[in-house]
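Please open the structure in your viewer and keep the selection panel at hand. The tour below moves from one selection to the next.

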Amino acid sequence: MQKEKDIIDGCLSGSRRDQELLYRRYSPKLYAVCLQYSGNTEEARDVLQEGFIKIFANLSHYGHEGSFEGWMRKIIVNTALEKYRNRYYLSRVDDIDEVDEPAAGPDTSDFAGLEAYDLLNMIMELPPKYRMVFNLYAIEGYSHKEIGSMLNISEGTSKSNLSRARDILQKKVTILTGVSRRMINV
Amino acid sequence: MFDKEPNIDIVFRNGLRNFEVLPPSDVWDNIPPMPVRKPRYGLIMGIAAGISVLVSITLFASWYLRSSGNAGEGTQLAMAANDQLAITETPAAISNTVIPATTIAYRNTSVQAPVTVKNNDIIEGMVETPVVSPTVSDFAEPEEVTNYNKTLPLTNDNITVIASTRLTGHGSFSSQTMTPDKPEASEQRFMVGASVSPSMGFSPSEQNAHMAELIGSEKTRPSYTTGLTFGYKLSQRLTIQSGIGLESVGQTITGVDVFAGLSDFYSAKSNYLYSVETASGTILAGNTDLYLADTKNRVGSTIPTDMADPSKYNLTQVGSNIHQVFRYLELPIVLRYKVIDRKVGLNLSGGMSYGYLVDNYAYTRDEYGTIPVGRTEGVNVHSLSSQLGLGMEYNISSTISFNFEPILKYYVTPVSDFSGTLYKPYSVGFFSGIFFKF
């Protein structure tokens with residue numbers, strides 16, 4: 001298998017073959033991230049495409065220090081955030097008592113890992129504002145202050161959205177596995 | 001070290017780790033080929049081309065000025081010949097052409113030999129003593145030269161004077177081309193001096209939205225250039241200058257909170273933990289004791305998010321800005337033209353400057369001093385800038401002069417090709433220097 005550094009160098013020299021190799025190697029993982037943030041396959045596809053264009057455009061700034069996959073993931077997450085901001089800013093509602101209709105889930109035939117798919121499907125079904133906060137806090141590890149800045153909401157709203165997302169996910173997990181919320185939280 | 005968090009978070013984090021989904025097959029088809037980075041030799045060729053153009057301009061200017069001087073002399077000789085011819089053929093006209101001795105009250109007595117006149121009938125009333133020849137400065141006193149009816153060819157450096165004297169037996173009309181005193185010929189052609197040029201940079205308006213956002217959160221810092229300048233006077237008015245200098249430029253990245261004390265909680269495995277996107281490149285924070293955060297998505301981190309959240313540590317904020325500094329070794333080539341050549345003169349200058357990046361660092365500042373942050377990646381090592389100036393030259397003495405010149409400087413090559421954009425700032429400053437001529 002060709003080394004990661006060689007592929008990157010090949011991409012930098014303009015080799016389309018290496019660019020495709022890089023895409024084929026990392027796109028499955030990054031597409032999963034896109035789905036996690038996007039809520040549907042159409043938007044996830046757009047995020048993946050825009051994200052890879054940015055990755056290629058900025059590849060020269062990756063200094064082979066730190067995780068390359070982490071670097072790409074950050075670009076994908078930022079692209080998803082931009083998409084979210086553009087799409088939901090005008091219709092943003094911060095009232096925590098209001099629950100949006102769950103977004104349509106992906107076609108199950110697209111996925112291979114059932115357990116992970118179940119988790120992903122649960123996240124994708126969350127209302128967008130809950131989904132974004134849960135992903136950024138629980139998966140990426142950002143603080144509420146940072147999330148507030150990223151999504152242009154207050155820290156309090158971020159905490160509330162997270163709490164609401166957890167509640168929804170907890171119920172879904174409980175239903176799916178038959179394990180009570182109490183047991184999960186032990 | 002880690003906050004206690006609900007298990008539901010861990011269930012999802014671990015469950016989705018390494019999860020892969022094959023994307024639709026047509027996504028790759030819609031991703032355009034990555035633009036190939038410009039090879040470095042392109043920049044080198046550009047610099048070489050710039051230098052070639054400057055050298056060509058200099059050589060052409062030198063040749064032109066030299067040939068202009070020759071043309072002037074030739075013209076005068078021709079005029080002298082014509083005058084002589086006119087004198088021969090139309091004697092009546094000569095009385096208006098020759099210089100009556102009574103009107104010549106010139107100070108200059110530098111004529112080496114008198115000129116004789118053969119035809120005594122033609123020249124009436126001429127003095128029998130040698131006629132002294134005037135100099136340019138002498139003719140500049142019109143009140144003393146009252147009997148001229150014909151304009152003398154005084155427009156060039158050399159003056160042809162038709163002089164006459166009454167001698168018996170022999171002699172003929174002749175003209176003598178005289179070269180006035182030329183202090184320039186022996187004056188100092190070389191100069192050396194020290195200069196300093198404080199300036200303030202500006203960023204061009206940027207169409208790329210992301211770039212514009214980055215530039216919007218950055219402030220240019222005052223910069224300066226110091227150096228030694230050498231000059232060679234190509235002609236009375238044109239000078240070519242070069243030298244060596246050190247240029248220091250930079251900017252302040254606002255809105256980045258810097259906290260210290262991270263090394264107490266997190267042991268870094270990479271060379272840097274945080275990066276900050278800027279218009280000039282990406283700052284890699286090699287100081288792994290710092291935790292960086294901002295509100296504009298400029299800060300990136302190599303800390304795995306599932307391992308640690310530094311925002312939850314008890315860290316001390318030491319700054320809210322990061323300062324970038326770039327130092328270039330500068331080799332300028334400037335042509336300077338004296339628009340007004342007096343004691344207080346006016347100069348027009350233009351040229352180009354090659355810069356080689358010799359220092360690159362970023363720091364923040366707290367109440368106790370500066371704290372190093374790291375360095376900026378993506379900054380072009382070579383730079384080429386053009387400059388244009390219009391300023392004053394004060395000649396303190398014949399050998400010492402002082403220059404003060406507002407200059408506009410524009411980067412021909414981008415400071416960085418970050419994000420595929422060509423970020424080319426420009427600056428307005430003052431060139432000031434003191435020069436010794438020899």
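**First stop: a pair of helices**

The crossing of α1(A) and α2(A) is left-handed (the near helix is turned anticlockwise from the far one by less than a right angle; helices are DSSP runs of H or I, at least four residues, numbered from the N terminus). This is a predicted model, in which local features need pLDDT of at least 70, side-chain atom pairs count only at pLDDT 80 or more, and totals for chains, interfaces and linings use all residues. Residues are numbered from 1 along each chain as its sequence is written, chains are lettered from A and ligands numbered from 1 in the order in which they are written, and side-chain values use heavy atoms, leaving out hydrogens and water.

Select residues 4–12 of chain A for α1 and residues 16–38 of chain A for α2, whose axes lie 8 Å apart at an angle of about 135 degrees (axes are lines fitted to C-alpha atoms over the stretch in contact, with angles from 0 to 180 degrees between N-to-C directions). Now show side chains: E4(A), I7(A), I8(A), G10(A) and C11(A) of α1(A) meet D18(A), Q19(A), L21(A), L22(A), R25(A) and Y26(A) of α2(A), where contact means heavy atoms within 4.5 Å.

**Second stop: between the chains**

Next, display both chains; 59 residues of chain A and 48 residues of chain B take part in their contact. Two salt bridges are counted between chain B and chain A (a side-chain nitrogen of Lys or Arg within 4 Å of a carboxyl oxygen of Asp or Glu). Select R45(A) and D26(B), whose side chains form a salt bridge at 2.6 Å, N to O.

**Last stop: another pair**

Finally, select residues 128–139 of chain A for α6 and residues 144–151 of chain A for α7, where the axes come within 10 Å and cross at roughly 140 degrees.

Note on methods: Helices (H or I, at least four residues) and strands (E, at least two) are DSSP runs, numbered from the N terminus.
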